[in-house]
Amino acid sequence: MNKKNYKQLIREYSYFVWLIFLVVATILSTYFYDINKKNQIEYLYKSLNNIYLKNSLKKITSELKPRYISREHVVSEGDTYESIIDSFKISNNEKKLFLKTVSKKKNIKVLRPNQKLFFKIDKLNAPKIINFSIEIDKKKNLFFKRSINEEKFVSKIIEKNLKKIITLKEGVIKNSLYNTALKIGIKPNTIIEFARLYGFQVDFQRDVWKNDTFQIIYEEFKNEEGKVIETGNIIYANLNVQNTDLKLYRFNFENKKIDYFDENGKSMKKTLMKTPINGARLSSSFGKRKHPILGFTRLHAGTDFAAPKGTPIMASGDGIVTRAKWCGGGGNCVKIKHNSSYQTVYAHMSKFGRGIKKGVRVKQGQIIGYVGSTGLSTGPHLHYEVIENGRKVNSQKLKLPSGKVLKGNIRKKFEVNKIKIDVLKSELIAKLN
Ligand SMILES: [Zn+2]
């Protein structure tokens, strides 16, 4: 080959060399581009593994579904804490923690129908209860909050948003105190309390007449919608029977000791109630009579009050139960020792009051049993006996020793309290007109 030929050959092949060079360059550049891209993807994956990004991604996605769920449960008959918590999709440990927490609280131990429970559950990771609350009564909730570091709940009582309102109601008794009071919007609780306060001095069957009047000032608790949720204390009451005012003022006379006194500072509580039952009719008085079952005449050593079966019977005074069992002709009977001179007997009961047994201390007005017709009896009634120094006496003719009379400084405080209540009364009456 000569020089010329060689040069000529290169020139001829140069296009080819350039072509090869371009191909190689393209391949290389594509290759590096790919590697770079791969790195980028890898980098992206690595960043995804970064905990913060991961969390924010999770947050973004979890916000699509609610992270927290709130649940309300209204207790129905037969519900237990176990059955309620079992309806939740949470771990067994969570359930156990809940049951352990509620079992420690006395004021929520027993579930009542219509009682409300609220739960807030965090669904993040394993679902957990973050807080819950259980209704204690119409005014209070017991609120439990999960503590941040420990597996336990801290609780506190939360007052519901109820407004206390002082109400004055007055009425003219038409057919009965109960119906008249109901008609003007007084809740049964308040009416019963009113009757209980006067039970020591008034026999509603015999002393109250049509067109007698009454006034009550009492507390009501209203919710945000203005609905009465609960009634509170009676602050003042007046029952005008046959043109005689019987006024009662609520007074806190010693630390936590509250009672009702008339305008002269005399306690409305008598040692014994004249009639230990509400709304009953005196059907047979104390004295000689022909026994309706035995047929012969003998002393009826008590007073009979006819009332429907199941009507509550009250302890006519504070005292200790000395008998609560079957006593032959008297059927189911209760005997109470009030003090050194007085005892009372209540016979023919259908059943005893809750917790009433020998040795139990009872308060005046407390329910000790229910009207029945057990033993020698022709129909549902209460046979009531008063024993004075071991001798059966006529409860209706008894000169009842009166209760406490306020004296000295306490009396002065009572007079101030009385004026305050009288002022409140005139303000409330002014509002009515
Ligand atoms: Zn009798």
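The legends below describe close-up views of a predicted model.

**View A. Division of the chain into domains.** In this predicted model, the chain is divided into domain 1, covering residues 68-159, domain 2, made up of 162-270 together with 405-433, and domain 3, covering 281-397. Between the C-alpha centres of domain 1 and domain 3 there is a distance of 46 Å.

**View B. The open sheet of five strands.** The strands of this open sheet follow the order β1-β2-β3-β4-β5, and their pairing is antiparallel. At the edges stand β1 (68-74) and β5 (153-159), each of which pairs on one side only. On average, and with direction ignored, neighbouring strands of this sheet are turned by 15° against each other.

**View C. The pairing of β3 with β4.** Strand β3, residues 128-135, runs antiparallel to strand β4, residues 140-146, and five bridges join the two. Within this pairing, Ile134 stands opposite Leu142, a residue of β4.

**View D. The buried and exposed sides of helix α6.** Helix α6 spans residues 188-198, and its buried residues are Thr190, Phe194, Leu197 and Tyr198. Because these residues cover an arc of only 90° around the axis, they lie on the same side of α6. Pro188 and Asn189, by contrast, are exposed on the other side of α6.

View E. Among the residues of α6 that are buried are Phe194 and Leu197.

Technical notes. Residues numbered from 1 in each chain as written. Predicted model: local features only at pLDDT ≥ 70, side-chain atom pairs only at ≥ 80, totals over all residues. Pairing = 2+ DSSP bridges. Helix = DSSP H or I, 4+ residues; strand = E, 2+ residues; numbered from the N terminus. Axes fitted to C-alpha atoms, helices over the stretch in contact; angles between N-to-C directions. Buried ≥ 20, exposed ≤ 12 C-beta atoms within 10 Å, placed from the backbone. Arc of directions from axis to C-beta. Domains from an automatic or database assignment.
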